[in-house]
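Colleague: Hi! Could you walk me through this one, starting wherever you like?

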Amino acid sequence: MAALFLKRLTLQTVKSENSCVRCFGKHIVQKTAPAQSSPIASALRLSFLIHAEAFSTTEDTQNEGKKKKKSQTAFSNVGRKISQRIIHLFDEKGNDMGNMHRADVIRLMDERELRLVQRNASTEPAEYQLMTGLQILQERQRLREMKKASPKTGPTLTKELTFSSNIGQHDLDTKIKQIQQWIKKERQVRITIKKGKNVDVSENKVEEIFHQILQTMPGIATFLSRPQAVQGGKALMCVLRPLSKNEEKARGETQKTQKRDTLNQDHGNDKESNVLHQ
C-alpha cells in the first residue's frame, strides 16, 4: 500500500515539473518575440508617421492657401506686412506716387498716420494705396451695397400653369394665389389658358382673364410676354415676371408724384371754392 502511494506521488511530481517547464518556455518565447519583431514594428510605425505627416502637411498647405485667398480678396488694412520689396503706391487722394520701396512706404504711413490697402495684386509691381480708417470703412460699405444691388446670377426658374377658360371664380382665385407666391419668390410664370370645349370663347375674353390675374399683383409683377395664340389658336399663353428693384422704385416715385399732384389739385379747388363763396 505504501509502495503504491509513493509511486503515485512520484508520477504527480514528474507531471508538475513538466508543466512548469512548459510555462517557463512560453514565458521565454513571449519575452524574446517582441525583441525579434521590433525592426518590423519600427518600420510600420515609421511608415505610419511619414504618411500622417504628409497628410497633415497637405492639409495645412490647403488651409494656408484658403487663408491667403481670403485675405487677398478682403478689403482691409495690410499694415506693415508688405510681401514685395517694391510696390506701386497711390496716396489717400488717389494720386499716383509711382514705385516705392516698402521701407519708404512704412515711413509715410507712420508720418501721415495712414493705413495701407492692396488695390491690385495682379500687376507688377502690385498696387497699394494709403487710406484713412474712415476711407476704408466707406469703401467696405460701398462694396457691400454694390454686392446687394448686383443681380443674382444663375438661371431664372419658370413655373407653368395651365387651365381652361371655363374655370370657376373660386378655382381661379386659388390659381392666382399660387401665381402670387411664385412671383414673390422671384419666379417667372408661364400661364396657358385653353379655350373651353363646346364653348365659343373669343381671344379678347381670354385676354381679360390674363389682365385680371395681373391686376391682383400691382407693383410686383408685369408681362414678360403678352398674351398670344398658341396650339393653333386653341389656347393663349403669356409669361409674367417680377418687377426689378429699379422698376419698383420708379413706380413708387410715380405714385408719390401722382398723389402729390392730386392733393395740390384738391387744394387749388378748395381755394377757388372759398373765393366764390366770398
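Modeller: Happy to, and keep in mind that this is a predicted model. Let's begin with helix α5, where Val-206, Ile-209, Phe-210, Ile-213 and Leu-214 are buried.

Colleague: What covers the buried residues of α5?

Modeller: The cover includes helix α4 (169-184) and the strands β5 (158-164), β6 (188-194), β7 (221-230) and β8 (235-242).

Colleague: How far apart are the end C-alpha atoms of α5?

Modeller: They are 18 Å apart. With 13 residues (203-215) at 1.5 Å a residue, the helix should span 18 Å, so the two values agree.

Colleague: OK, on to the strands. In what order do β5, β6, β7 and β8 line up?

Modeller: They form an open sheet in the order β5-β6-β8-β7, with mixed pairing. β5 and β7 are the edge strands, and each of them pairs on one side only. From one strand to the next, the twist averages 15°.

Colleague: How many bridges join β6 to β8?

Modeller: Six, and these two strands run antiparallel. For an example, take Arg-190, whose bridge partner in β8 is Val-239.

Colleague: What about the largest nonpolar core, how many residues does it have?

Modeller: It has 22 residues, and those with the most contacts inside it are Phe-163, Ile-179, Ile-191, Phe-210, Ile-213 and Leu-240. Two or more residues come from each of β5, α4, β6, α5, β7 and β8.

Colleague: Pick Ile-179. What is it in contact with, leaving aside neighbours within four places in sequence?

Modeller: Ile-179 is in contact with Leu-161, Val-189, Ile-191, Ile-213, Met-217 and Leu-240. There is also a second, separate core of 13 residues, which includes Leu-89, Val-105, Ala-126 and Leu-130.

Colleague: Changing topic: where does Leu-157 lie?

Modeller: Leu-157 is in the loop between α3 (133-149) and β5. Its relative accessibility is 45%, so Leu-157 counts as partly exposed. Leaving aside neighbours within four places in sequence, Leu-157 is in contact with Arg-187 and Gln-188. C-alpha to C-alpha, Leu-157 and Gln-188 are 6.4 Å apart in space, though 31 residues separate them in sequence.

Colleague: Now the other open sheet. What is the order of its four strands?

Modeller: The order is β2-β1-β4-β3, and the pairing is mixed. β2 (96-101) and β3 (115-120) are at the edges with a single partner strand each, so one side of each is left without a neighbour in the sheet. Here the twist averages 35° from one strand to the next.

Colleague: How many bridges join β3 to β4?

Modeller: Five, with β3 and β4 (residues 127-131) running antiparallel. Leu-116 has Leu-130 as its bridge partner in β4.

Colleague: Last one: which strands does helix α2 lie across?

Modeller: α2 (residues 102-112) lies across β1 (86-90), β2, β3 and β4, and runs at about 120° to β2.

Note on methods. Residues are numbered from 1 along each chain as its sequence is written. This is a predicted model: local features need pLDDT of at least 70, side-chain atom pairs count only at pLDDT 80 or more; totals for chains, interfaces and linings use all residues. Side-chain values use heavy atoms; hydrogens and water are left out. The expected span of a helix is 1.5 Å times one less than its number of residues. Buried means under 20% relative accessible area, exposed over 50%, partly exposed in between (1.4 Å probe, protein chains only). Contact means heavy atoms within 4.5 Å. Two strands pair if DSSP finds at least two bridges between them. Axes are lines fitted to C-alpha atoms, for helices over the stretch in contact, and angles run from 0 to 180 degrees between N-to-C directions. A nonpolar core is a set of buried Ala, Val, Leu, Ile, Met, Phe, Trp, Tyr and Cys residues joined through side-chain atoms within 4.5 Å.
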